[in-house]
Amino acid sequence: MAATKTLNQKKKMRNVNNTAYLMILPFVIVFLIFNVYPVLRTLQISFTNYKGYGDMDFAGISNYVRVFKDKYFWISLWNTIKIWVPNIILQLGLAFLLTIVFSDMKYRIKGLAVFRAVYYLPNIIASTSIAFLFQTLLDWRYGSINIALRQLGIVKGMPINWLGDAHIAPFVISVISAWQWFGNSFIMLMAGVQGINKDYFEAASIDGAGRWTTFAKITMPLLKPIMLYVSITSFIGGLQMFDMPFLMGTVNGNPYGSTQTMIMYLYKFGFATRPKQVGYASAIAYVIFFLILIVSVVQFKVMGQED
Amino acid sequence: MGIGYKVKKTILYICLIILAITCMLPFILMLVNATRSGAEIAKSFTFIPGSHLKENWDIVFSYFNLFRGFWNSLKVAIPTTILNAYFSSLTAYALAVYKFKGQKVLFYTQVIFMMIPGQLGLIGFYNLVSALKLLDSYIPLIIPAIAAPGTVFFLRQYILSVLPMSLLEAGRIDGARELHMFHKIVMPIMLPGIATMAIGGFIGNWNAYLVPLVLLNSKDKFTLPVMISSLSASTDIAANNGAKYLAIAISIIPICIAFCFLSKYIISSISAGSVKE
């Protein structure tokens, strides 16, 4: 690119570069209207007591003060974490195990393409359908799961109240989410392994490194950026959890508010309560955003420093 | 490579197969139960299909026309995917190939917005759409696809890695105009990258729930996920689990069929997304 150019060519390049403005114009207009403006508008609304209609009276930082004092907001954060942590352990753990199995040089497991497709299947289906499917399967009286457990003699007496018990329901949602997402994580980790230069493995085997040494010294460190990527995206996704708990436990996060996530709490004030408390919901949105930001930065720092 | 090796290998395969069955079992149960009556489902558990498919079908379709939900979802997802693919590649191309004032600002703003969770602007978005009198319309679901920071970012990286700049120089010497060059030379080269993004985008869109839920309120405009979520409002369907399973099955089957044909591309799109980081 840094070749010498005549004056004429430079002039021509400038004209050429002007067409770039034309090319980015649609993006910039729509971006400003539908991405930038709503985010700033939400910020503005968060400093008012707007109800979704009528005036927007300035309310200072009172909405933010309210978020920090609101016990139920922090419970919704705790619920989100309670659902997310078992989910991520199961999801990444399973994906990681599968990656080890399929990249093993000794056993050379076949059929990666087929297994991968089947493991990914639950991820492609809408969470709405998945939520209703499991709600029906797990119904404590008529659900096929409990009826199967009874027929097989595993559960005698009272059937398990999967979705009605505040101690069990959040965990059930974790497991379903993990079931839905492990295939996705597996594909990403596997892509990482396949992206590793084969020379590393050959060099290691010439040096007489065993399978576990190779795995610990070569595969693991080279997979780290992808692990970071998967865990951060999964965490950000986890904090935004909405569809599944919302459909299974309604906006109140039944049973007993145990599955009410942060976004459900935002939705409640922004769209469900009458009258709406849009100003408060906007403040909740910004608090959630800052929580996500802090956690992402910390996660970056922690995982980036291990080298 | 003795007997121990073979045994261990067999055990590994069995575990992998069990996991695969776990992934499919809920869907198999769904299909079986969709053909049984609510009473049968409540009484026993089986993998043998029943004979109540027709009744369940009638109950579902007397409440809502699921095919209308399909059609609505298509009406949103197809234009969204096309706009997203075309304008994202155009913007990505401009960012990758040209030098212009404000380029860095645009690039970094876009990267920042990639990290911002969608719900942050949800309230402001709803407020804007309502002020524009576009509630209960597909326009606010479709038009924002023109500006998709994540897709632009991915495609920009893609262009930088696959497009030889000398090709553009050659085109310019031949007197080709810039937009013409983009359409005739660049887009064909970018096609695999664009397809990757388009498939992922289509699925995301097809399954989207929160935004359509918030924006749409007339029943005949509901997209499939919103329609499915209104399922429990019907007492007839709620009273008969067979009908419920059937409704869910109808919502799932088309995407499963599409997956059978496209799984290779879908999976490569996820792989690409992770390696490009």
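Buried residues account for 41% of the 307 residues in chain A. Bear in mind that this is a predicted model. Chain B has its own buried share, 42% of 277 residues.

Chain A has twelve helices and zero strands, and its radius of gyration is 25 Å, well over the 19 Å that the globule rule gives for 307 residues, so chain A is more spread out than a compact globule. Chain B comes to 14 helices and, again, zero strands. With a radius of gyration of 24 Å, well over the 19 Å that the globule rule gives for 277 residues, chain B is also more spread out than a compact globule.

Here are the two chains side by side.

| Chain | Extent along principal axes (C-alpha) | Contacts joining residues at least 24 apart, among those at least 6 apart in sequence |
|---|---|---|
| A | roughly 70 × 60 × 35 Å | 69% |
| B | about 75 × 70 × 35 Å | 76% |

Now for how the chains meet. On the chain B side, 67 residues are in contact with 70 residues of chain A. Helix α14 of chain B, residues 241-275, gives the largest share of that side, 15 residues. By residue type, the side of chain B that touches chain A splits into 48 nonpolar, 14 polar and five charged residues.

The largest nonpolar core holds 146 residues, and the members touching the most others come from both chains: A:Leu266, A:Ile284, A:Ala285 and A:Ile288, along with B:Tyr93, B:Ala247 and B:Ile248. Helix α7 of chain A, residues 169-195, supplies the largest share of this core with 13 residues.

One helix in chain B deserves a look of its own. Helix α10 of chain B covers residues 178-207, and while a straight helix of 30 residues would span 44 Å at 1.5 Å a residue, α10 spans only 37 Å between its end C-alpha atoms.

Key
Residues are numbered from 1 along each chain as its sequence is written. Chains are lettered from A and ligands numbered from 1 in the order in which they are written. This is a predicted model: local features need pLDDT of at least 70, side-chain atom pairs count only at pLDDT 80 or more; totals for chains, interfaces and linings use all residues. A nonpolar core is a set of buried Ala, Val, Leu, Ile, Met, Phe, Trp, Tyr and Cys residues joined through C-beta atoms within 7 Å. A residue is buried if 20 or more other C-beta atoms lie within 10 Å of its own, exposed if 12 or fewer, and partly exposed in between; C-beta atoms are placed from the backbone. Helices (H or I, at least four residues) and strands (E, at least two) are DSSP runs, numbered from the N terminus. The expected span of a helix is 1.5 Å times one less than its number of residues. Two residues are in contact if their C-beta atoms, placed from the backbone, lie within 7 Å. Ala, Val, Leu, Ile, Met, Phe, Trp, Tyr, Cys and Pro count as nonpolar, Asp, Glu, Lys and Arg as charged, and the others, Gly among them, as polar. The radius of gyration is taken over C-alpha atoms; the globule rule is 2.2 Å times the number of residues to the power 0.38.
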